[in-house]
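Dear colleague,

Here is the structure for your files. My notes on what was found follow below it.

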Amino acid sequence: MTLQTVLDGIRNRPGTGDVIPIVDPVTEEVITEFSDGGADAVQEAVARARATFESGVWRVKPGNERAKVLWRIADLIEDHATELAEIDSLNTGMPFNQAQIIMSTAAEFFRYYAGWCTKVSGMAHDVQMTGGITGAHSNLHAYTLKEPIGVVGLIFPWNGPAFNAAAKLAPALAAGCSCIVKPAEETPLSALLLDKILAEAGVPEGVANLVTGYGHTAGAALAAHPDVDKIAFTGSTEVGKEIVQAAGGNLKRVMLELGGKSPVLIYDDADLSVAIPTAAMGVFVHSGQACIAGSRIFVQRGVLDQVVEGIALVAKSVRLGGPKEEDVHIGPLISARQLTRVMGFIDEGKRDGVHVVTGGHRLDRRGYFVHPTVLTEVEHGGRLCQQEIFGPVVAVIPFDDDDEVVAMANDTVYGLAATAWTRDIGRAHRLAKRLQAGTVTLNCQMIWDPNLPMGGHKQSGWGYENGRDGIEGYMQNKTVYAQL
């Protein structure tokens with residue numbers, strides 16, 4: 001599928017709502033546009049998904065057969081990796097080489113969960129207790145079943161479209177669910193190619209249903225739909241709370257991977273030659289548009305000046321540009337709205353007396369580019385340190401000892417990720433226990449593995465993606481008792 005075919009495909013998507021422009025964040029020009037599918041498209045998609053789930057065309061297919069289809073999806077993603085990377089690069093502005101890496105990871109999600117198709121099972125149990133409302137029994141046998149939860153809505157964000165789609169589709173399909181796929185309105189393009197890939201790989205028609213539109217129309221209708229059994233959402237904490245409220249009508253299950261304000265702790269005994277560049281790119285990569293970005297860097301006072309200088313040097317040296325430009329490290333923000341949000345935080349900090357070490361301004365060119373920004377003298381209780389900015393902005397804050405830095409690191413409503421840099425291995429593991437985050441990295445950063453669960457503490461989410469937890473999140477238990 002060529003890029004022009006994809007652009008024509010999104011333009012011709014069914015919809016009767018507002019026309020939604022897709023804007024190139026590098027040029028600020030409209031690439032194409034499409035009509036909001038809205039509640040009508042959601043209603044039709046849910047009906048198709050429910051019909052396929054009840055028919056069992058996918059749900060009752062043997063696990064080894066579902067595994068073959070998922071493995072084929074992975075192969076096709078790799079076959080179309082260049083096209084997918086080009087599409088996501090155009091749509092998000094991310095450097096092409098980063099988009100290629102993401103496609104490789106997207107394929108691995110399907111291979112990983114292909115393995116689980118034949119391995120998730122219940123347990124058998126000889127009942128040892130007696131009693132119950134009908135009296136004592138003997139020779140009772142019991143077992144549990146793991147069954148797909150049903151029809152699930154998969155809503156994913158704009159900062160990594162194909163990656164986030166794969167992270168949800170792979171376990172949902174492995175579990176035997178039927179799905180409605182809702183990409184962000186800013187970045188729906190790669191979802192069209194993925195939709196074709198699923199069909200070519202052998203996913204039956206109606207098992208995976210693509211719906212496009214605004215979050216407040218199509219997304220809201222999906223979250224509130226009474227015939228949807230679960231919503232899996234990645235995005236902001238604010239929208240996550242709205243989804244929870246919408247899900248109350250039928251008490252549908254909800255999985256949320258939400259915002260973060262992730263702390264990075266750099267001690268004076270850390271290997272600064274590694275810690276400084278890694279911590280810097282841990283917030284500047286993808287222009288800070290990553291939920292696990294380390295946007296608060298706490299530095300022990302003995303090395304504060306050295307770390308600030310080093311991070312500022314990285315900020316000044318990275319090259320910003322579009323996917324078609326050479327030697328680019330990071331791209332633009334996704335939209336004019338996101339640009340306004342990020343610059344609003346920076347301008348507020350300037351008014352409040354925050355010291356801008358470097359950055360703090362847009363690039364003097366077209367596109368939604370913000371220079372990587374390093375801030376010091378930031379009040380930890382203020383918005384810059386408490387709210388997710390989702391931009392290339394980092395606050396560097398000094399500390400003296402473990403208790404002080406742990407208290408500051410945990411002093412946030414978020415709890416998605418945390419990092420500690422220290423050569424003291426005992427201290428590192430003690431910090432891992434004390435830091436309130438779903439993922440803690442020690443002397444490394446922005447690491448994930450499909451084998452290991454990823455989720456947030458506090459207001460960073462409910463439930464987990466990846467690993468066994470990921471597939472079991474799309475299943476439910478049934479207990480069966482039998483008198484022998």
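A polar contact here is a pair of N or O atoms within 3.5 Å; within protein, one must be able to donate a hydrogen and the other to accept it, and residues adjacent in sequence count only if both atoms are side-chain atoms. This is a predicted model, in which local features need pLDDT of at least 70 and side-chain atom pairs count only at pLDDT 80 or more, while totals for chains, interfaces and linings use all residues. Residues are numbered from 1 along each chain as its sequence is written, and side-chain values use heavy atoms, with hydrogens and water left out.

Domains

The protein splits into domain 1 (3-258 + 460-483) and domain 2 (263-442), with bounds from an automatic or database domain assignment. Their C-alpha centres are 31 Å apart. Contact (heavy atoms within 4.5 Å) links 24 residues of domain 1 with 29 residues of domain 2. Between them the two domains bury about 2000 Å², 55% of it on carbon and sulfur atoms; buried area is the accessible area (1.4 Å probe) that two parts lose on being put together, summed over both. On the domain 1 side, Val-26, Trp-158 and Ser-460 lose the most area to domain 2, together 28% of what that side buries.

Across this interface the rule finds eleven residue pairs in polar contact, both residues at pLDDT 80 or more. It also finds three salt bridges, each a side-chain nitrogen of Lys or Arg within 4 Å of a carboxyl oxygen of Asp or Glu. Glu-28 forms a salt bridge with Arg-362, and the closest N and O atoms are 3.6 Å apart.

Two residues

Asn-159 sits in the loop between β5 and α6 (161-175); helices (H or I, at least four residues) and strands (E, at least two) are DSSP runs, numbered from the N terminus. Asn-159 counts as buried because its relative accessibility is 14%, where buried means under 20% relative accessible area, exposed over 50%, and partly exposed in between (1.4 Å probe, protein chains only). A polar atom of the Asn-159 side chain lies 3.1 Å from the backbone oxygen of Gln-289. Beyond four places in sequence, the contacts of Asn-159 include Met-94, His-286 and Phe-390.

Gly-153 belongs to strand β5 (residues 151-155) and, at 0% relative accessibility, is buried. Val-181 is 28 residues from Gly-153 in sequence, and their C-alpha atoms are 6.2 Å apart. Outside four places in sequence, Gly-153 is in contact with residues including Ile-180, Leu-222 and Lys-230.

Regards
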